[in-house]
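Here's a quick walk through a protein model, meant to be read with the structure open beside you.

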Amino acid sequence: MELHVWGEAFGLPSIDPECLAAISYLGYAVPQNAWSLVASNDVSVSPDYVLPALHHNGTWTSGYLNIVRFLASDTSFTPADGDLTEAQRADALAYASYLSSRGSALLAFFLYVSPSAWTELTRPAYSSLLRFPLTWTVPLKLRSAAIAKTEHLGLDHLAADIDPEDGSSESKVTAPTTATGFLRLPTRPTVSDSMQPEQAAAIRLQSLLEDFFLTLDELRGDKTYFFSDDKPTPLDFLAFGYLRLMRVQTPQPFVERCMNRNHAGSRLIKFLNTLQKEIIQWKEGQIQDTLPWTMPIAQSCVAMTSRFVGDATEHVPGVGNSWKSWRGDGVKDPGGTRDPTQTLLAVGAAVVGLAAVGGAVVFKALSPFGDSTHRWEAPKGGLYQFGDIGAIFNSLPGFDAPAMPPPAPSPMERDTVYQGEKVEVAVDVEP
């Protein structure tokens, strides 16, 4: 069987918490010679467009909990939660949902929404995992999804505008003006203006983190793992994935400080250390040597272009949501096949996306607006060839410009170029 995941980052086998949990769980529940690990970094390998994804005997299973259920249904593997009671299974499912909502939102803020962590840590990590041109679309799509996860926590407004070209953050505040349109004199920035997003929301974040740590610690109690002292369950590995990524050193290590100072957080650190030392097979600093890595199949240019266009189409107004829903296998009829109406809409969205990409390419090829304009005119006959003075003479009344240049005058001959009633213009021509 093959486990497809997002690749390694921050010294860990994966940048994604559920992928990290799946890697740790398979290393514990499945013999090493029975599975391989593929850092495909491509959600399109799975029909559900979700990583982690397990491929076994032609069947794809996506998502950590679904992978756990699939392995539990296979009689050749011993499930890690086989000793749990029905009440404990219900608690495990509830806490897994809590991790996927609250834990995912907190992790999204510190790794994706925070401008400093995004520009200095997370986006460079994705740039090392993805091939060009996917580095233009995939990281921004992931960050948009992360910002949406933090909306219910009231933290999404702290995300700064990120320049997609260089990753730098730009202020949303424009220059202040008076009622008549004149610029106001600059004022000295306040303390709140100079704060990082983590500092500006310190009280709110500390409350959320302490509540998160306390909730998990209450379930574990004095036990080594969440439900027993003997062996971990799938919930232990899922908690490990989220908590271990929260301990990544960010430019603003607010989570690390809060976790060390909080009593419940300190107990969870001991839980992580115990699980890492006694259960998890892979070792930090020896990731390549302690995991059954397999090289992913290289994508063709056509597949890469198709994936790029698909990601770009998701941002096209009016058709992006329909395309995302159809491509993610979210619109089906009761028979399990795709809705033909949605299929036509998705195809139309793909065409619009291609047109948008083509238009962007053509627009980039145009000369920048405001460049100097150059004009070329055919040379004119008559005295225009002598410049401005010739043009003055050529416009005098009664002058007829010769069709062909006149023959060269003889030596010491006076050539009359214009003669009017009271005006005569003559030129002495020397040989």
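## Helix α7 against α9

Start with helix α7 (residues 202–220) and helix α9 (residues 254–261): their axes come within 10 Å and cross at roughly 50°. That makes α7 oblique to α9 (under 35 degrees counts as roughly parallel, over 145 as roughly antiparallel, 65 to 115 as roughly perpendicular, and the rest as oblique). Axes here are lines fitted to C-alpha atoms, for helices over the stretch in contact, with angles running from 0 to 180 degrees between N-to-C directions. Helices are DSSP runs (H or I, at least four residues), as are strands (E, at least two), numbered from the N terminus.

On the α7 side, the contact (heavy atoms within 4.5 Å) is made by Ala202, Leu205, Gln206, Leu209, Glu210 and Phe213, and on the α9 side by Phe254, Val255, Cys258 and Met259. Sorted by type, these residues come out as eight nonpolar, one polar and one charged (Ala, Val, Leu, Ile, Met, Phe, Trp, Tyr, Cys and Pro count as nonpolar, Asp, Glu, Lys and Arg as charged, and the others, Gly among them, as polar).

This is a predicted model, so local features need pLDDT of at least 70 and side-chain atom pairs count only at pLDDT 80 or more, while totals for chains, interfaces and linings use all residues. Residues are numbered from 1 along each chain as its sequence is written, and side-chain values use heavy atoms, leaving out hydrogens and water.

## Helix α3 against α7

α7 also pairs with helix α3 (residues 86–113): the two axes come within 11 Å and cross at roughly 150°. That makes α3 roughly antiparallel to α7, and the crossing of α3 and α7 is left-handed. From α3, the residues that meet α7 include Tyr95, Leu99, Arg102 and Phe109; among their partners in α7 are Leu205, Asp211, Phe212 and Leu219. The contact of α3 with α7 divides into twelve nonpolar, two polar and two charged residues.

Aspartate 91 also belongs to helix α3. With a relative accessible area of 34%, aspartate 91 is partly exposed (buried is under 20%, exposed over 50%, partly exposed in between, using a 1.4 Å probe and protein chains only). Its C-alpha atom is separated by 9.8 Å from that of phenylalanine 227, 136 residues apart along the chain.

## Around α5

Threonine 135 sits in the loop between α4 (115–129) and α5, and counts as buried at 16% relative accessibility. Beyond neighbours within four places in sequence, threonine 135 contacts Arg123, Ser127 and Leu130. In α5 itself, the buried residues are Val138, Pro139, Lys141, Arg143 and Ala146.

Most residues other than glycine have a negative phi, and most peptide bonds are trans. Leucine 51 and proline 52 are joined by a cis peptide bond, with omega about 10°. Proline 52 lies in the loop between β2 (36–38) and β3 (53–56), and tyrosine 49 is found in the loop between β2 and β3 too. Tyrosine 49 has a positive phi of about 55° and is partly exposed at 29% relative accessibility.

Phenylalanine 10 has a positive phi of about 60°, in the loop between β1 (2–4) and α1 (17–29).

Key: A crossing is left-handed if the near helix is turned anticlockwise from the far one by less than a right angle, and right-handed if clockwise.
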